[in-house]
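This report concerns the structure shown here. Please keep the coordinates open while reading.

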Amino acid sequence: MRIYLDETKEGLLIAFAAIRANKMRSVLTTLGIVIGIVSVTLMGTAIEGLSRAFNKSIAAVGADVLYVQKWPWGGGHDWWEIRNRPDLTIRHAKALERNAEIVRSISPITGTARNVTYQSKVIENVIVVGTDADFLETSNVNVWLGRFMTALEAEGGRPVCVLGSEVAEGLFPVENPIGKTVKVGNYPYRVLGVLEKQGNFLGMQSLDNRVYVPINRFFKEFQSFRRGIEIWVKSSSLEQVEETKEEIRGIMRKARRLEPKEKDDFAINQQEILVQTFNQIGGVIAAVGLFITGLSLFVGGIGIMNIMFVSVTERTKEIGIRKAIGAPKRSILLQFLLESAVICLIGGIIGLIIAFPLSLIIDQVLPTAMPLSVVGIALVISVLVGVVSGFLPAYRASRLDPVDALRYE
Amino acid sequence: MSVVIRFRDITKMYQMGMEEVHALRGVTLEISRNEYVAIMGPSGSGKSTMMNIIGCLDTPTSGLYELNGVNVSEMNDNQLARIRNKEIGFVFQTFNLLARSDVLHNVELPLIYGGYNSAERKKHAMEAIEKVGLTDRSHHKPNELSGGQRQRVAIARALVTGPSILLADEPTGNLDSKTGAEIMDLFDLLHEQGNTIILVTHEEDIAAHAHRRVRIRDGHIESDELVTERRIVSHTPMTTA
Ligand SMILES: Nc1ncnc2c1ncn2[C@@H]1O[C@H](COP(=O)(O)OP(=O)(O)OP(=O)(O)O)[C@@H](O)[C@H]1O
Ligand SMILES: [Mg+2]
C-alpha cells in the first residue's frame, strides 16, 4: 500500500515539476479543458435554473390539485382509444361532489373562446371559462377587486362574470369595472370582480386573458351540458393527494359502470405528470447541451493527448533512467497519468473560476446558483479527461525499452 | 567463493532490417563475489551489450544467465525491473541523473521504487552520499556540480540499495584524467569494502585498477586474465570459463 502512496507522491512531484518547467505550454494545453469545463458548468447551471423556474411555476398552480379529464397528459398513449372515450360531463362532477370525502373542493371547468366587448372596446378570443363558486378555492387564485360568484349565482346560472386582469385592463383602462355590463359573445354579463394577475404559465398561454361565468349559464349560452368538460379536484392536503386520487377514481369508475377488469376510460392528471414531461424535455435539452460541451471537452482531451505524447518523447531519457534503476511499468504509467490528470484538474479549476462570474450573469435571467454538484462533476470530469487522454501516451512510455530509452538524445 | 554471475553461451543478435548484427556470439563467463573486473575491447565489440545483459536492462537472444543462482534469462519485464532495483547498481558514462531533482532525490529514487518509507530512504541515501563524499552537496541540482561530482552522485545512487554488483560502462569516459583517477580511487575503495565491480573501459590505466581483465573482440571473449601484481588483494583466483 505504502509503495503506491510513495509512487503517487513521486508522480505528483514530477507532474508539478514538469508543468512548472513548461508553464506556457501547460497553460495553452489546458485552454481546451478550461473552455470545456466552462461550458459544462454553465450548461449545468442553466439547466438547474430552468428547472427551478419551472418548479416555481407549477407550485403556483398547485400540486394538490387533480385534473379529471378525458386526455391523459404526456405522450405514449393510444390516440384512437382515447379519442373514442365518452366525454366527461357535469353529471360526473355532481357524482364526485356528492360522494368524494378526501377533498377540499371540486370545480367543473369548461371553456370556449369568444369576443368580449364593453361599449366600443373589443377584446377578441377571450377564453370564457364556465365554472362554479368553488373555483377560487380549487385553483388557488385570489380576487383583486370586487368578489367572485356566489354558490347561489353559480347554481342559478345568473348572467354574472369575473374578469381576468388582462381583460379588465383592456376593457376598463380607467373606469371601475364592478357593476358594469359587458358582452361575452352576444350575451350581457354583469361584472362582479377582477382576479389577481397570474402571469404566464411557462409562457404557454395567458391565464389573465379570461372571463369566468357560472357553468350553468355557460351551458345555456355557449355549449350544451352534454358536451365534455373537465373536473378539478383539490385534495384535503398535499399529503393525501394519492388517496384522493384513488377515491375519485373509484367514484368515476362507478359512475361509468366499469367492470373490474376494464381499464379507466378517463384520466386523472396531476402536476407530477407535467413534471415528468418537463423532465423528459429537460433531459433532451441537457443531453444535447452536454453533447455539445462534451465535444469541446473531447477536443481539449485530444490537445492533452498530443502534449502528453510530446512530453513522453521529450523525457524518453528520463524514462530510461527510471527504468534502469528499477521502476516497473506501472510506475511509469502512473507517473504520466498523474501528470495528465493534474494538467486537466488545473484546467478544470481555472474553468470553474471563469465560469463562476458568468453563472452570475445567467442568474440575472434565470434565478439560479451554480450547484455544488456541478462543481464536483466538473472536477471529476476534468480528471477523467486527463486520465483517458493521458492513457495512450503513458502506456507508450511504460512500454519503452530501457536500453533504447537510455540511448535517446 | 560464491558465483554472482554465470553466463552460458550467451548470444545477442539485433535485426537491422534485412541484416542481422551479432553483438555477442556465445559468451561463457563466471564472476564471483567481490571480484573487480575490467572489460576491454575495441569499439563495437559488444562490451556495452554484455553490460546491459548483466545489468538486466536487456535480455539475451539465447543462452543462460544466472544471477545469484537465479535464472534471469526468462524473466518478464516487471521481474527484471525488480532485479535491477535490488541487485544491480548501474553507473553510466553520461551520468544519467535527473536534471530537475537534487542530489538527495536522485539517490533516493531507487528506494522509492524499492518501497522504502521516507525515513529509511533519507537515512540510506545520506549514507550513500556520505560514502562518495558529497554530504554538503545533497541539496544541489546536477547542473550545479562538476562532472566528477555528478559521477559520484551516480555511484551513490547505484550503491544505495546495497546491490550484489556494481556495473560501470566507461565511468570515466566523460571525465578528465585527474577526475577519472579520483573516481577510480572511489571504485577501489568500494571494492575493498566488499563490493563486486565490473567496469568497461578503453584505457589501460583505468583497467589497471581491476584484478581481472576480460578482453572482447567481435562478440567473443578473446582473453580473460587475472592481474595480481598491482596490489595485494584479499580474494583468491578462481577458475574462468
Ligand atoms: N540497438 C541496436 N540495434 C542494432 N545494433 C546494435 C544495437 N546495439 C548495439 N548494436 C550493435 O552491436 C554491436 C556491439 O555494440 P556495443 O554497443 O555493445 O559495442 P561496444 O563494445 O560497447 O562499443 P563502444 O566501445 O563503442 O561503446 C555493434 O556492432 C553495434 O552496432
Ligand atoms: Mg559501449
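The sections below cover confidence and then the interface.

## Basis and confidence

This is a predicted model, in which local features need pLDDT of at least 70, side-chain atom pairs count only at pLDDT 80 or more, and totals for chains, interfaces and linings use all residues. Residues are numbered from 1 along each chain as its sequence is written, chains are lettered from A and ligands numbered from 1 in the order in which they are written, and side-chain values use heavy atoms, with hydrogens and water left out.

The scores are ipTM 0.92 and pTM 0.70.

## Extent of the interface

Between the chains, 25 residues of chain A contact 25 residues of chain B. The buried area is about 2200 Å², and carbon and sulfur atoms give 58% of that; buried area is the accessible area (1.4 Å probe) that two parts lose on being put together, summed over both.

## Salt bridges

Two salt bridges are counted between chain A and chain B, a salt bridge being a side-chain nitrogen of Lys or Arg within 4 Å of a carboxyl oxygen of Asp or Glu. Asp6(A) and Arg121(B) form a salt bridge through their side chains, at 2.9 Å, N to O.

How values were computed: Contact = heavy atoms within 4.5 Å.
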